[in-house]
Amino acid sequence: MTALRLDDLRQYSDTLRLRGGKSVTVRFVEPRDADALQGYFRSLTVRSRYNRFLGAMSELPKSELDRFTDAGEDDRFSVIATMSIDGHETIVGEARYAFNVDAYSFEFGLSIDDRWQGHGIGSALLENLRCRAAAFGAKRLFGDTLRSNDAMIALARKSGFAFTHNPDDWKLVRFEKHVEVAPQDIPCASWRLAAQSLTLSGVYANGASAA
């Protein structure tokens with residue numbers, strides 16, 4: 001896959017409304033975000049990093065950080081959720097996802113800054129991912145997490161995901177949701193255009209269609 005051009009990325013940002021009137025912006029990670037993203041992962045608690053990466057990790061290795069900051073590399077996309085805090089754009093969450101054209105499935109993983117958990121960011125980001133999955137033409141949205149990750153399990157359950165076992169690792173639980181149509185109340189129209197352009201350019205020429 002060819003990574004998305006940097007001059008295209010900013011037009012595919014979404015502004016999500018949270019409980020209490022606050023808003024969060026979801027946008028693609030760019031190379032300029034490398035230091036801030038690494039700082040975000042370092043600032044997570046040990047438990048949150050363990051849950052996110054399914055193992056002990058103090059920071060992203062350079063090779064993995066490069067993958068996070070290159071949209072579309074290895075058929076994967078990374079986004080960050082940011083808020084303006086004291087006049088500065090601050091990362092409060094992130095997600096990484098991939099669309100499997102053969103299985104029409106959309107796999108993702110995410111994390112929320114420990115200090116901002118409980119503000120509705122996780123729920124809003126999950127809905128935005130569902131909209132992105134629908135834009136790709138995915139029929140199934142799913143993720144895997146440790147059985148001990150109570151916060152992610154509770155978030156997935158609250159968002160209407162069903163649970164099943166992971167076929168490859170007994171320590172993990174899989175949560176999945178059927179994707180029908182993109183939710184109309186989630187602002188992802190710009191992402192639908194991005195997905196359509198990817199499809200038309202032949203990136204997903206095996207039958208995927210934009211919603």
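P31 sits in the loop between strand 2 and helix 2 (34–43), where helices (H or I, at least four residues) and strands (E, at least two) are DSSP runs, numbered from the N terminus. At 45% relative accessibility P31 counts as partly exposed, a class that lies between buried, which is under 20% relative accessible area, and exposed, which is over 50% (1.4 Å probe, protein chains only). Although P31 and D70 are 39 residues apart in sequence, their C-alpha atoms are 6.8 Å apart in space. The model is a predicted one, in which local features need pLDDT of at least 70 and side-chain atom pairs count only at pLDDT 80 or more, while totals for chains, interfaces and linings use all residues. Residues are numbered from 1 along each chain as its sequence is written, and side-chain values use heavy atoms, with hydrogens and water left out.

Seen as a whole, the protein has seven helices and eight strands, and 50% of its 211 residues count as buried. Of the contacts (heavy atoms within 4.5 Å) between residues at least 6 apart in sequence, 62% join residues at least 24 apart.

In soluble globular proteins, nonpolar side chains tend to be buried together. Here a nonpolar core is taken as a set of buried Ala, Val, Leu, Ile, Met, Phe, Trp, Tyr and Cys residues joined through side-chain atoms within 4.5 Å. The largest such core has 37 residues, and those that touch the most other members are Y97, F106, F108 and L110. Two or more residues of this core come from each of strand 2 (23–28), strand 3 (76–85), strand 4 (88–100), strand 5 (105–112), helix 5 (121–136) and helix 6 (150–158), and helix 5 gives the largest share, with eight residues. A second, separate core of eleven residues includes V29, A34, Y40 and L60.

A pair of aromatic rings is described by the distance of the centres and the angle of the planes. Rings of Phe, Tyr and Trp (its six-membered ring) pair if their centres lie within 6.5 Å, and planes under 30 degrees apart count as stacked, over 60 as edge-to-face and the rest as tilted. The structure holds 14 aromatic pairs. One of them joins F77 and F136, a tilted pair with 6.0 Å from centre to centre and 45° between the planes; F77 lies in strand 3 and F136 in helix 5, so this pair ties together parts that are 59 residues apart in sequence. Both F77 and F136 are buried. The rings of F106 and F136 have centres 6.3 Å apart and planes at 45°, so this pair too is tilted, and it links F106 in strand 5 with F136 in helix 5, 30 residues apart. F106 is buried, as is F136. These residues belong to one aromatic cluster formed by F28, F77, Y97, F99, Y104, F106 and F136.

Y104, a member of that cluster, is found in the loop between strand 4 and strand 5. Y104 is partly exposed, with a relative accessible area of 26%, and has a positive phi of about 50° although it is not a glycine. L54, in the loop between helix 3 and helix 4, likewise has a positive phi, near 60°, in a residue other than glycine, and L54 is partly exposed at a relative accessible area of 39%.

What is the volume of the largest pocket? It is about 890 Å³, where a pocket is, on a 1 Å grid over the protein atoms alone, an open set of points where a 1.4 Å probe fits, with protein on both sides within 12 Å along at least five of seven lines, and lining residues have an atom within 4 Å of a point. Of the 42 residues that line this pocket, R52, L110, S111, N149 and M152 are the closest to its centre. The lining residues divide into 18 nonpolar, 13 polar and eleven charged. L110 is in contact with R52 and M152, among other residues beyond its neighbours within four places in sequence.

G143, in strand 6, is buried with a relative accessible area of 0%. Its C-alpha atom is separated by 5.3 Å from that of F108, 35 residues apart along the chain. Leaving aside neighbours within four places in sequence, G143 is in contact with F108, V173, R174 and F175.

Conventions
Grid points are joined across faces, edges and corners, and a volume is the space filled by probe spheres set on the points. Ala, Val, Leu, Ile, Met, Phe, Trp, Tyr, Cys and Pro count as nonpolar, Asp, Glu, Lys and Arg as charged, and the others, Gly among them, as polar.
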